[in-house]
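Me: I would like to learn how to read the features of a protein model. Could you guide me through this one, feature by feature?

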Amino acid sequence: MARLLAATACIIHLVAAQQIGKIPETHPKLQTWKCTTLSGCQKQDTSVVLDALSHPLHEKGNSDISCGNWDTGLNATLCSTQESCAENCVLEGTDYSAHGVQTKGDSLILHQYMKTDGTISSVSPRVYLLDETGKNYDMLRLLNQEISFDVDVSSLVCGMNGALYLAEMLESGGRGKLNPAGAQYGTGYCDAQCSDDPWINGVANIDGKGSCCSEMDLWEANARATAFTPHACNITGVYECSGDLCGSDGVCDKSGCGFNPYALGDHDYYGYKDVVDTTRQFTVVTQFITDDHTSRGDLSEIRRLYVQGGKVIQNAVVDVSGVEVDSLTNDYCETSASYFQSMGGLKQMGKALGRGMVLIFSIWNDSGAFMNWLDSGSAGPCNSTEGNPALIQAQHPSTSVTFSNIRWGDIGSTFGAKF
């Protein structure tokens with residue numbers, strides 16, 4: 001691609017460009033499918049890449065000195081400016097298995113913990129789907145489309161979150177003069193939480209800004225609870241926020257308009273041996289319906305279905321203010337998520353889906369709130385302390401999630417049924 005050639009030229013000719021190191025980067029292959037009602041599903045030879053912060057990023061000529069990470073932030077000596085950081089730092093390839101990432105055919109397995117020389121450590125990988133070239137992110141355009149995948153959450157205990165979601169990251173990962181690595185090294189993360197990571201689009205975040213973009217949480221779940229949640233932003237693409245614009249009343253809706261069956265009153269729908277039985281693998285289908293049933297219309301509904309044991313399972317039907325609800329609609333979000341509506345609601349979320357979003361997979365737990373927002377109290381059956389990561393590591397070190405059979409395309413084309 002032309003952008004790849006331009007990035008290569010930057011590596012060769014620009015002294016101020018962040019270096020790409022000598023350790024090779026090999027992306028694990030992950031087969032996916034694009035589907036149409038006319039032609040069926042066509043195999044995609046896609047792959048995944050770990051987030052750049054899971055790659056060694058060190059001083060040029062000295063691999064013992066880090067340029068920064070999630071825990072320590074930027075190395076202020078090497079990264080006093082964006083230009084000096086790019087010139088002083090080298091980004092290396094990484095060992096995916098050591099970071100808890102495994103692929104086989106169409107399956108992706110993510111492990112929260114890895115054991116090395118008798119010591120268990122938390123790796124909590126986050127990976128992105130690359131296109132068939134392996135150089136850019138695969139941009140999924142899902143307006144008036146659906147996406148489906150199989151998932152095994154049976155070993156995800158309370159406090160764990162095996163997530164699959166979309167974010168409006170840049171296709172190239174922000175590849176440019178100060179970031180020749182780009183998507184092929186996992187740069188460019190953003191989400192509706194506007195996190196202040198050490199790098200934004202692969203460039204040193206000297207001013208501690210937040211990196212904001214629209215986010216569609218297709219799947220946040222463990223074996224006890226699940227939720228799907230759009231987060232609208234009143235921006236296009238990646239926005240660098242500062243001050244109040246990064247806060248709860250900023251450019252993005254951090255809470256979103258979510259659907260959690262347990263939180264909405266159905267305590268027997270999702271879980272061990274429930275209607276959706278989390279002791280076994282099942283298929284998750286999310287459909288993005290527009291008001292005119294074309295990709296030019298406005299998003300008006302987000303519909304959820306499950307398939308398990310050859311049976312299509314309709315979403316839970318819950319009572320919201322005296323009205324039966326089984327999907328996300330403007331009426332539902334108006335009742336339950338007023339700030340989401342003020343950010344443009346489903347219509348704004350649909351614009352991002354139409355422009356294209358990156359598919360992200362992660363596994364994580366929460367040392368601050370123990371994931372109580374997902375699975376405890378009114379949100380789920382777990383107690384308030386069993387999501388403590390220290391307990392999970394001690395009692396369930398093999399916890400993992402498996403995503404497989406990932407397909408997207410026309411409504412009804414990805415799982416053999418139309419509605």
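Reply: Let us begin with the largest pocket, where strand S31 contributes the most to the lining, with four residues. Please keep in mind that this is a predicted model.

Me: Which other elements supply at least two residues each to the lining of the largest pocket?

Reply: A lining may draw on several elements. Besides S31 (357-365), those that each supply at least two residues are S6, S16, S20, strand S21 (226-231) and helix H6 (372-375).

Me: What is the volume of the largest pocket, and which lining residues are the closest to its centre?

Reply: The volume is about 1,100 Å³. Of the 41 residues that line this pocket, Ser124, Arg126, Tyr165, Tyr189 and Trp364 are the closest to its centre.

Me: How do the residues of the lining divide into nonpolar, polar and charged?

Reply: The lining of the largest pocket has 17 nonpolar residues, 16 polar ones and eight charged ones.

Me: May we turn to the nonpolar residues of the interior? How many residues does the largest nonpolar core have?

Reply: The general idea is that in soluble globular proteins, nonpolar side chains tend to be buried together. Here the largest nonpolar core has 79 residues, and Trp219, Leu359 and Phe361 are those with the most contacts inside it. A second, separate core has twelve residues, among them Cys67, Cys85, Tyr185 and Ala204.

Me: Cys67 is a cysteine. To which residue does a disulfide join Cys67?

Reply: A disulfide is a covalent bond between the sulfur atoms of two cysteines. In this model, the partner of Cys67 is Cys89, with an S to S distance of 2.1 Å. The two cysteines lie in distant parts of the chain, 22 residues apart: Cys67 is in the loop between S5 and strand S6 (68-69), and Cys89 is in strand S8 (residues 89-91). The link of Cys67 and Cys89 is left-handed, with -110 degrees about the S-S bond.

Me: Are Cys67 and Cys89 buried or exposed?

Reply: The cut-off for a buried residue is a relative accessible area under 20%. Cys67 has 0% and is therefore buried; Cys89, also at 0%, counts as buried.

Me: How many disulfides does the count come to?

Reply: The count comes to nine disulfides. One of them joins Cys190 to Cys213, with an S to S distance of 2.2 Å. The torsion about the S-S bond of Cys190 and Cys213 is about 95 degrees, so this disulfide is right-handed. Cys190 lies in the loop between strand S16 (160-167) and strand S17 (199-200), and Cys213 in the loop between strand S19 (210-212) and strand S20 (215-221), so the pair ties together parts 23 residues apart in sequence. Cys190 and Cys213 are both buried.

Me: Where do Cys257 and Cys333 lie?

Reply: These two cysteines are joined by a disulfide with an S to S distance of 2.1 Å. Its torsion is -95 degrees, and the link is left-handed. Cys257 lies in the loop between strand S22 (239-241) and strand S23 (270-271), whereas Cys333 lies in helix H3 (residues 330-336), so the pair ties together parts that are 76 residues apart in sequence. Both cysteines, Cys257 and Cys333, are buried.

Me: Which strands pair with S26?

Reply: One reads each pairing through its bridges. Strand S25 (residues 282-290) runs antiparallel to S26 and is joined to it by eight bridges; Ile289 has Glu301 as its bridge partner in S26. Strand S30 (residues 327-329) pairs with S26 in the antiparallel sense over three bridges, with Leu328 in S30 as the bridge partner of Ile302. Strand S27 (residues 311-314) pairs with S26 in the antiparallel sense over four bridges, and here Val307 stands opposite Val312 in S27.

Me: How many residues lie between S26 and S27 in their hairpin?

Reply: There are two residues between them, and Gly309 in the turn has a positive phi of about 60 degrees.

Me: How many of the residues of S26 are buried?

Reply: Strand S26 (residues 299-308) is mostly covered, for eight of its ten residues are buried.

Notes. Residues are numbered from 1 along each chain as its sequence is written. This is a predicted model: local features need pLDDT of at least 70, side-chain atom pairs count only at pLDDT 80 or more; totals for chains, interfaces and linings use all residues. Side-chain values use heavy atoms; hydrogens and water are left out. Buried means under 20% relative accessible area, exposed over 50%, partly exposed in between (1.4 Å probe, protein chains only). Two strands pair if DSSP finds at least two bridges between them. A disulfide is a pair of cysteine sulfur atoms within 2.5 Å. A nonpolar core is a set of buried Ala, Val, Leu, Ile, Met, Phe, Trp, Tyr and Cys residues joined through side-chain atoms within 4.5 Å. On a 1 Å grid over the protein atoms alone, a cavity is a set of points where a 1.4 Å probe fits but cannot get out, and a pocket is an open set with protein on both sides within 12 Å along at least five of seven lines; lining residues have an atom within 4 Å of a point. Grid points are joined across faces, edges and corners, and a volume is the space filled by probe spheres set on the points. Ala, Val, Leu, Ile, Met, Phe, Trp, Tyr, Cys and Pro count as nonpolar, Asp, Glu, Lys and Arg as charged, and the others, Gly among them, as polar.
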